[in-house]
Amino acid sequence: MHNLLPEFWASTIDGLTQGAIYALVALGYTLVYGVLRLINFAHSEIFMIGTFTTVGVVTAFGVTAPLTGLALWGFLLVAAVVAALASGGSAVILERIAYRPLRRRGATTLAALISAIGASLFIQQAFSLRFPDAVDTTRVLQKSILATVGTGLIRADKVLVFLGAIFMMVLLDRLVNGTRFGRAIRATAQSADTATLMGVNIDRIVMLTFLIGGAMAGIGGMLYVIFFEVTTFSVGFVLGIKAFTAAVLGGIGNLRGALLGGLLLGLIEEYGASVVGAEWKDVISFSVLVLVLMFRPTGLLGESLGKVRA
Amino acid sequence: MSRRSLLVRSVVAISAASLALAACSSSGSSPSSSAGGGGTVKIGFMGDLTGANKALGINIRNGAKLAIDQYNATNPATKITLKEYDSQGDPKQASSLAPKAVDDGIVGLVGPAFSGETADTGAIWQEAGVPFISASATRVSLATNSWSTFHRVLADDGFQGPGVANTLIKALAAKKVAVIDDKSEYGKGLADAVAAALTAGGVAIPVREAVAAEGTNVPNYSSTITKIKGAGVDAIFYGGYYAQAGPFAKQLKDGGVTARFVSGDGSLDPAFITGAGAAAETAILSCACALINSAATGTAKTFYDAYKAAFSAEPGTYSPEGYDAATVFINAIKEGKTIRKDIAAYVGGVNVAGVSKQIQFETNGNIKGGTILLYEVKSGKIVAIGTSDSPTP
Amino acid sequence: MKLLNPLRGKTLPWTGAFEAIGVRWRALPRVARWIGYLAMFAFAISLPDIPNLADIMAPGSSWQRILFFPISIYVLLALGLNVVVGYAGLLDLGFVAFYAIGAYSMAILGTYHGWGFWEVLPVGIGGAMLAGLLLGTPTLRLRGDYLAIVTLGFGEMIRVTANNVDYLGGPRGINNIPRPPSIGNVSFMQYGVLNSRPYYYLVVVAIAIVIVIMKRLEKSRVGRSWTAIREDEDAAQLMGVPTLKFKLWAFTVGAGVGGAAGVIFASSNSAVRPTDFTFILSATILAAVVLGGAGNLPGVILGAFLVAWVPEAARGFSQYRVVVFGAVLVFLMIFRPQGIWPSRIRAAEFKEGEGGIDRLGGEVGVVQAQAGAADS
């Protein structure tokens, strides 16, 4: 306990930063699960594609020193759009190849899960052939310290990651709860059959779901690269499991649950690490998950995507 | 009646057949361990050629290959072929390759590269009488198994731990050191050895933590950095590989930690500097191995030029050790030893000048004498700064 | 309607042969089937020694060693996981935890306390079953996908704990675990270093025993309850099947088999380390079960053989083998979601359009196709 108090603010800031990335990736799991009842295991690789795309954008921009002002905002905008498109597009292709045929056959979730694991291995290892080692990137955003709270540093990159993630999530929440597309997604999540009868094109909605979820993971990947300045072919594996845990923690299928779950998981890990040691991070987060599920079997905010109200 | 007897007969027939097969196998399973006179003999290499740490495996393989190619180019009576066994650094794969290597009739092995695979396959080489010389396995306990065929051409962690501690205490005058590792077989072993030596030397270790790392993944070190910062240490020792050491050093600097970064042979790679960027400056890296670069002179320079000509790359970490391990076998074969037993006996008493050091083994297989070499990152380059007995950072 | 659902009714051409074998086999008289079982056992025992087979099956590594590990150990693990996934239809992503518990029981009791293999075996199995019971009691109330993440978490917790606790050897694990005691004086019963045959025979015998137990269970009240739970848990509950109790049974029995595999592996390999028990292994064994045909013992064995052997056979292409493995998984699930060799019941369930367990959402294409077929 002796470490928690002096490190409280530092842990809180770091936890929220890490949690924001978890939350962005968790959105993809939650959206797809809400609509298809499928754990899109390959979502972690969609995130990975986002990180590599961002590295590519940094190279294409010819960044040699940290950017400032207009150049920085321009870069962020371009990188976000390109990473979102690359990841979203990959997610759509993934759905077409690995899931849609199974959906057509009315296959079990188990078969779909195996297909997902296969797709995940395929994408990951295909990247490892081209990029066997970690890929470093130059610094885009100067990690200047904006303020200090206790022992915690409020650093520019952490602020960007956190605010960027929150902004994207508000945007998504508006999209799902305030537009026609969103209504169709929610209708499909509640009952695919009824939605079809009401004239919703399921295949299009599923595609859209993968596109949006993938785009969120792509932006998560972009923020990850700006924060860590490195990526590798296996970057998605651990992060994907954490993000999925976050989605379940908050209530899978529930968008706000993903945000809550992601931020909470980030905080729990940091507080836990400061109390019992960083090597126990994973054990702590999974223990909390099991405890939460024992008392709230559908996660903290309950699960249905269809029932989310603005 | 007829049905029953059919069953009985079938059972008898099948059991007889399987027994016969089993009997054949037990009599016919002894492989030819001698390669015969003249012609060619096989030397094996075992290590990671396609896994997460393949850079190290390839360095060793290239070193050994260079030595053997140079020898074969002299048109000797007995030529040598190098057979490669790619374990991907995985002890389980090594265990399924080792019996194959024994069956293939190799008369000596350069490797296994890592300590884990060496620990798991050592008994197999020993049982088959295959002399094996590792170019990079530094776990102390490997030499305590009474494997007479085990050897290594570099000092173990029992030297490196105190060596690093000595550097920290004498050259850097460190009073408080944070010791962090990556929870790998290698990283934790080295970090434990360093921590023990530091404690013995009266240095306080306020932070002793581990952040597990797999493959080339970069973990978030945030909570560890907060602790290090709070403890106000003079130096940080990291036991682990360059894939994480670089980003860790960078995250430390970004987190406002200015203490000296010190790490071991796992981080001794140019990729450490790429990963750490400016944070790599003044970092100290220790190794029981000799790093031979363009600044080398004498036989080391000859080795450097030949290596560069053969592989169009600079020799990496453990390349000289791989070369030396192969040289020991080559010398044995030059002396006319072509079967495992003779080569093993020769290796036990060998005394030759290698490019990394004089090669002479203790009876437990360790190299005689144990020097820990130190390197420092200066203006983006890894520069030798002497041995741990007299460090000059 | 073909346009809407081009894949419907398409399947891999040769896979129908497996169902044909199943039909023929069940039509055989009892005696002939028993002779068949014995012949299969004899075939399995003779596998290490069939002339020239080693060069074909394992050109790059030791055939006898890979027969023991990974092939036969994977088969044993897949048989255990099959109880959970194939029979009861529960999604377990952390099966490796029970394997680890068995292995570490052998490592600790054998190395630190001097117990022999045969003494540890029942303890390891019991320990794994107890862990299954303890994990299952709170978590089996959860729905399928929650169970998946909780089991995944449990598997990782066991591995991380083994990696962090010095008593368990930390990342280096535990070495010099006592090997099984040699039996008599015959060479194929000497548990030494170089010869992998004795270990292989040991696992084959264990597999045979497990198969007998599984066959008995399949036909018992427990087995029928599992089928009922898999096909429709709510209906089973309504019909008076105590579903939680039988799900626990499945979890515990599966865990026991995993534990046995762990004890045998630890003792035979003489070393365990946390990297032997990663999530990838859980996923691989799950892939073996589903690929082969969940619920059908010959299918599961075939699946486990394939996932263990193909990477070894493709050693020359080691860089590409995982890529190919991933692609094959996707391909097989698209064209043969019921597995290569499914059981009769499961095949029927798939023909009905649902293979037990939960169906994927958004399968409206199928509904439409069926409606269209009815119209025309």
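**View 1. Phe237(B) counts as buried in this predicted model**. Phe237(B) belongs to strand β8 of chain B, which covers residues 235-239. For Val194(B), 43 residues away along the chain, the separation between C-alpha atoms is 8.1 Å.

**View 2. Chain A meets chain B**. Here 25 residues of chain A are in contact with 23 residues of chain B. On the chain A side, two or more residues come from each of α1 (8-36), α9 (235-250) and α10 (255-276). The element that gives the most is α1(A), with 4 residues. What classes of residue make up the side of chain A that touches chain B? They divide into 10 nonpolar, 8 polar and 7 charged.

**View 3. Chain A meets chain C**. This contact takes 49 residues from chain A and 48 residues from chain C. At least two residues of the chain A side are supplied by each of α1, α3 (69-105), α4 (109-130), α7 (192-197), α8 (202-228), α9 and α11 (281-295). With 14 residues, α4(A) gives the most to the side that touches chain C. By class, this side of chain A has 33 nonpolar, 9 polar and 7 charged residues.

Technical notes. Residues numbered from 1 in each chain as written. Chains lettered and ligands numbered in written order. Predicted model: local features only at pLDDT ≥ 70, side-chain atom pairs only at ≥ 80, totals over all residues. Contact = placed C-beta atoms within 7 Å. Nonpolar A, V, L, I, M, F, W, Y, C, P; charged D, E, K, R; others polar. Buried ≥ 20, exposed ≤ 12 C-beta atoms within 10 Å, placed from the backbone.
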